[in-house]
Amino acid sequence: MNAFSSNSDCATAADTMQWFVMRDLTRHNAKRPAYVLLEELGIRYFTPMMWKIYTLRGKRQRKWIPIMHDLLFVHSSRETLDPIVERIATFQYRFLRNTHRKPMTVGTEEMERFIHAVGTSESPEYYRPEEVTEAMCHKRIRIIGGNLDGYEGSLLTTRGSKKKRLLVELPGLLAAAVEVEPEYIQLI
């Protein structure tokens with residue numbers, strides 16, 4: 001693409017942008033994991049993160065690390081990602097089962113809603129799909145007002161907790177429980 005592209009060129013480039021589900025096969029203590037590389041390249045990504053305390057040379061340090069090291073969501077086009085995947089052996093697409101190497105993707109609207117929901121909570125709790133049980137999700141709720149106005153999902157109940165949490169899911173990939181104020185909850 002040349003420097004002076006027409007509006008039609010821009011429209012087709014925007015149409016190919018989507019959220020790809022990727023894998024990072026570097027070690028958990030790698031100095032340059034895939035999300036750091038993506039940040040350096042200016043490519044938008046999302047990976048669930050948490051604070052973890054390490055002891056290094058007798059001193060305790062807090063470090064912001066991915067919860068699931070090998071799971072990344074990357075917002076880009078196939079044309080941009082293919083050369084990076086070819087060049088870096090530890091950065092790979094996740095493929096759909098029973099297809100001929102078709103990459104997994106998440107809908108843009110669904111991913112943006114998930115990122116927004118997680119971003120509103122100071123301490124979201126992440127779950128793999130197999131970790132979410134029927135016993136955890138009793139009631140369907142809708143949020144009326146606040147940062148999550150209009151969100152629907154399950155009210156997550158955990159034993160001994162007084163906090164109310166909404167379970168927001170990316171089906172088959174990841175779920176997050178975000179704290180909501182009780183006055184915004186409406187039972188469906």
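Two strands are taken as paired if DSSP finds at least two bridges between them, the strands (E, at least two residues) and helices (H or I, at least four) being DSSP runs numbered from the N terminus. The model examined here is predicted, so local features need pLDDT of at least 70 and side-chain atom pairs count only at pLDDT 80 or more, while totals for chains, interfaces and linings use all residues. Residues are numbered from 1 along each chain as its sequence is written, and side-chain values use heavy atoms, with hydrogens and water left out.

By this pairing rule, β8 and β12 (residues 174-180) run antiparallel and share three bridges; Tyr127 has Ala175 of β12 as its bridge partner. The two strands belong to an open, antiparallel sheet of six, ordered β8-β12-β11-β10-β9-β13. β8 (125-127) and β13 stand at its edges with a single partner strand each, so one side of each has no neighbour in the sheet. From one strand to the next, the twist averages 40° (axes are lines fitted to C-alpha atoms, for helices over the stretch in contact, and angles run from 0 to 180 degrees between N-to-C directions).

Helix α4 (residues 108-119) packs on this sheet, touching β8, β10, β11 (164-170) and β12, where contact means heavy atoms within 4.5 Å. The direction of α4 makes about 150° with that of β11.
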